[in-house]
Amino acid sequence: MKSWPRVVKLELIREQFLFSYDAAEELKEAIAKKNHELVYLYSSNLVDEIWKERPKPPSKSIRIHDLKYAGLDVASKLTFLRYELEGAGSSAIVISMLDEIAWLLNLRGNDVPHSPVFYAYLVVNINGAFLFTENSKVTPEVMDHLKSAKVELRPYDSILSEIESLAVQGVNLWMDKSSLNTAIVSTFKSASDRLKKKKRPILNGETGPDAIFKPSPISLAKAVKNDAELEGMRNCHLRDAVALVHFWMWLEDEIGKGVILTEVDAADKLLQFRSEQSGFMDTSFDTICGSGANGAIIHYRAEPGSCSIVTDKELLLLDSGAQFTDGTTDITRTVHLGEPTARQKECFTRVLQGHIGLDQAVFPENTPGFVLDAFARSSLWKIGLDYRHGTGHGVGAALNVHEGPQSISFRFGNMTALQKGMIVSNEPGYYEDHSFGIRIENLLHVKAVDTPNHFGGIEYLGFEKLTFFPMQTKLIDMSLLSPAEIKWVDDYHSQVWEKVSNLLLGILQ
């Protein structure tokens, strides 16, 4: 008796917009091994038919990201992109990554919590550009901004019609299938296949329609910050430090007075202090405030009614960040408001040694981030300890707090080289299950380093600190630190005082 494959249905109306093309292909291959088949249905979605109280789409206005923060105007960015198109033999590109669209057009939005982006698609060709978003979110000011850059506005839900039209025109379309949803890629491929079978004559000198699958050129361009973006990042980190000083002073005082505070109370108070800083827009992610054993949960989130009390008997790990008009912050500090144990001090100190090791690293250009990961782990490795997360991620400039393509991680699949202008986090840690968690995080800017030699005729790179906030010295076991490491701690705290203290004068008096 013949065994028929079981068909697993992935419907176009919703799921094809939720799966990237690569993810859908991976799923298709995986289920094929079990004698199943993945098909795309063009019928109505059953979930949509029964979802009667579906929330309305976000409707907050899009805003212009000022040129003094962006550093490069839209016309210049589009010129760069069109140069990349010509070099790839493509005449158009479709972009769906929201941070790439926001960066390219110098716009910001409020559609996604913690990330200043807006729902949209963007098609750029050699002669024009078309933004697909809800018209109600486009203010007259933003419309003028788009017109000045020769960007036309199109309805958000007309993107598939545009993709099919590009195929009819014979366009060679650049698509990043790791990020583009299945609906867009499959629509273009299906339309192209139909036209090729009909042997349609070439129009307007086009040679397609063909899909050119390549990573988006915008990802790397966005990751390499210009001078204005770096200056904004430096400035917002100092204002963020002021908020953190207020917070830690308040917390230490409240705990000292015996006030009962939960992890949620602490996170809410930190948000209050941050919101008082100029240019504050939002948190850059949900604050991770973990007391005691909760600190050992790497992506812990405190919830009202079930979270722990902050006390002077346990370590407190606080990982938080903010979105400002001029930049994005992400900082982690681990403190003890009482007396830490010898074990906690040793673990903290070895995490600090790893943090220092990466901070001081000098490396040749074209070095992928994974090469540097061991700098942050070696001190922990010496006593048989480690941590189960990457050491560093890219950070956007007034954009997503996590961005690629660069990273610093034990996962050696990412071959993206660290380049001047990139921003990465430096966040080694150690987590003792059911007991405590430790993480120390600063953001770093990749810069050129003046070395006495240039072996191979290449440039050598290192890091500039962007984050300036003290480490808790009572958690440091000084006997474990080398003289050079002690000097690093002293020098860093001197820089913190120099850069932040003047901003506090008059506020704390």
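This is a predicted model: local features need pLDDT of at least 70, side-chain atom pairs count only at pLDDT 80 or more; totals for chains, interfaces and linings use all residues.
Before you click: residues count from 1 along each chain as its sequence is written, and side-chain values use heavy atoms, without hydrogens or water. Local features need pLDDT of at least 70 and side-chain atom pairs 80 or more, while totals for chains, interfaces and linings use all residues.

**Stop 1: the largest pocket.** Select Phe17, Leu18, Tyr119, Tyr121 and Tyr156, the closest to the pocket's centre of its 25 lining residues. The volume is about 940 Å³. (On a 1 Å grid over the protein atoms alone, a pocket is an open set of points with protein on both sides within 12 Å along at least five of seven lines; a cavity is a set where a 1.4 Å probe fits but cannot get out; lining residues have an atom within 4 Å of a point.) Now colour domain 1 (10–50) and domain 2 (63–200 + 207–222): both give residues to the lining, so the pocket lies between them. Those bounds come from an automatic or database domain assignment.

**Stop 2: the cavities.** There are three of 30 Å³ or more. For the largest, about 60 Å³, show strand E4 (92–95) and strand E9 (172–175), which each supply at least two lining residues. Strands (E, at least two residues) and helices (H or I, at least four) are DSSP runs numbered from the N terminus.

Stop 3: Finish on Asp282, opposite Gln323 in E16.

Key:
Grid points are joined across faces, edges and corners, and a volume is the space filled by probe spheres set on the points. Two strands pair if DSSP finds at least two bridges between them.
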